[in-house]
Amino acid sequence: DSIQTMYSEEITSAAGTVSQVREITARIMRVCKGHRITTIIIGKNVERIGNSAFYGTSISSITIPDGASLGYYAFNGAQVTDSYIVVDSWGDFISSTGRNYLTGNIHLLDPDGDEITEVVIPDEVEGEIASYAFYNCSSVTSVTVGNGITSIGESAFQNCSSLVSLELGNGITSIGYSAFNNCSLLTDFTFPNGLLTIGENSFLNCSSIHNIVIPDSVTSIARAAFMGCDSLQSITLPFIGNTRSNNTYLSYIFGLYKDYYSTGSIPSSLRTVILSSACLTVPQEAFYGSSDKRIETVFVPNTVTSFEPYAFMECYYLSELFIPSSVISITASTFYGGRGPKVSSGILYCEASSKPEGWSDNWSNGRPVIWGVSRNYAPVVVDNIEYDLLDEQTASVAGYREYAESTLVIPSK
């Protein structure tokens, strides 16, 4: 904290000036390197660690205050084993930048020196969680974000490899690029209803998530947002693709972009796709790509009015599909290529009593059709049991999720 009171007689300016601080800092770093000092503790009044400040050092551990921002390549070439950040104020912590330049294992400490594994950002803390705020905080197991937070910045929680539990506040409207990238232990959580945008790679390689429900408030989901979510069983969407009018195919949010080279695909674990009442159409090539996809059920709400060409192309494992009477247009190519191992049981249940005028003569592409069927409710999953809601009071047990426990307990209500 007292570096501004130190001075070198070789520099003509007064103590505390920029030139003096730079000279003293350079000398301290030379001492660290020359004497192989392995532990550094930086006082809480320090607000910034400059560009390349610890370049080439061999520090085993460094402790910095929560409000200190890091300059470019602050630890470039440094062999830091453990970095410690003392959190006095979550407001200061989440607003500081440059933590992607920290190296080694990053630990959060409370003022008493105890390690923080459960992060709780209170409602009183307002604003954005800055880019890289919790980057590489590998000891954090749970995060609760208060209602005062409006956005989560780029890579804010990237590589939080121990993160299991996540609770997002109602004030969040955007989740940035790679925000939760490589949080491989993160399990199911709830998106806030006011959320508007989900960034590219935001949940890349979150391989322990089983169920995703995107709220109707969302207006865009960027490419590869859920790429590598290899345990995903069910997803609920207000539209298919990037937005309601752009890149409208499911594989886009899993990293497959048909106009460019890409390696993403719809997870082979995905069994159920639920379209919410905000969805108005099943767009062209909605289920394009990913030859190993195993989608068995697609729920179509009674707000959908059309199935576009090739909408269900290559849905080889689609075992059943309910088509509400709101659908007034289906083309001959809608189910093109949709015949495969389960075609014999791939039944199309139609709410209409007979083929509507706007449906092509060969609309079903050979699949069996049952007319005059009423089913207005999406499947619901409670405690890993999947139910079909027959009406507002009655449900039937439809299935048992693969990731569930070995004991089946059917609730009384």
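Student: In this predicted model, over how many bridges do β7 and strand β9 pair?

Tutor: The model is predicted, so local features need pLDDT of at least 70. Strand β7 covers residues 118-121 and strand β9 covers residues 142-145. They pair in the parallel sense, and the number of bridges is 4.

Student: Which residue in β9 is the bridge partner of Glu118?

Tutor: Glu118 belongs to strand β7. Strand pairing works through backbone hydrogen bonds. Across in β9, the partner of Glu118 is Ser142.

Student: Which side chains of strand β7 point to one face and are buried?

Tutor: Side chains alternate along β7.

Student: Is Val282 buried or exposed?

Tutor: Val282 lies in strand β18, residues 281-282. Residues under 20% relative accessible area count as buried. Val282 has 0% relative accessibility, so Val282 is buried.

Student: How far apart in space are Val282 and Phe312, C-alpha to C-alpha?

Tutor: In sequence, the two are 30 residues apart. Still, Val282 touches Phe312, and its other contacts include Leu275, Phe287 and Val304. The C-alpha to C-alpha distance is 8.7 Å.

Student: What is the relative accessible area of Ser364?

Tutor: Ser364 sits in the loop between β23 and β24. Beyond residues up to four places away in sequence, Ser364 touches Phe335, Leu348 and Val369. Ser364 is buried, and its relative accessible area is 13%.

Student: How many disulfides does a search of the whole structure find?

Tutor: A disulfide needs two cysteine sulfur atoms within 2.5 Å. The search finds none, and Cys183 is in no disulfide, with the sulfur of Cys160 5.1 Å away. The sulfur of Cys206 is 5.2 Å from that of Cys183, too far for a bond. The count of disulfides is 0.

Student: Why is the pair of Trp90 and Phe93 edge-to-face?

Tutor: Both residues lie in helix α2, residues 90-95, about one turn of the helix apart. Trp90 is buried, and so is Phe93. Planes over 60 degrees apart count as edge-to-face. The ring centres are 5.4 Å apart, and the pair is edge-to-face because the planes stand at 85°.

Student: What is the angle between the planes of Phe180 and Phe203, an aromatic pair?

Tutor: The pair links distant parts of the chain, 23 residues apart. Phe180 is in the loop between β12 and β13, and Phe203 is in the loop between β13 and β14. Both Phe180 and Phe203 are buried. The rings are stacked, 5.2 Å centre to centre, and the angle is 5°.

Student: Which residues form one aromatic cluster?

Tutor: The structure holds 21 aromatic pairs. Trp90 and Phe93 make one of the pairs. The cluster is formed by Trp90, Phe93, Phe134, Phe157, Phe180, Phe189, Phe191, Phe203 and Phe226.

Notes. Residues numbered from 1 in each chain as written. Predicted model: local features only at pLDDT ≥ 70, side-chain atom pairs only at ≥ 80, totals over all residues. Heavy atoms only, no water. Helix = DSSP H or I, 4+ residues; strand = E, 2+ residues; numbered from the N terminus. Buried < 20%, exposed > 50% of the residue type's maximum accessible area, 1.4 Å probe, protein only. Contact = heavy atoms within 4.5 Å. Pairing = 2+ DSSP bridges. Phe/Tyr/Trp six-rings, centres within 6.5 Å; stacked < 30°, edge-to-face > 60°.
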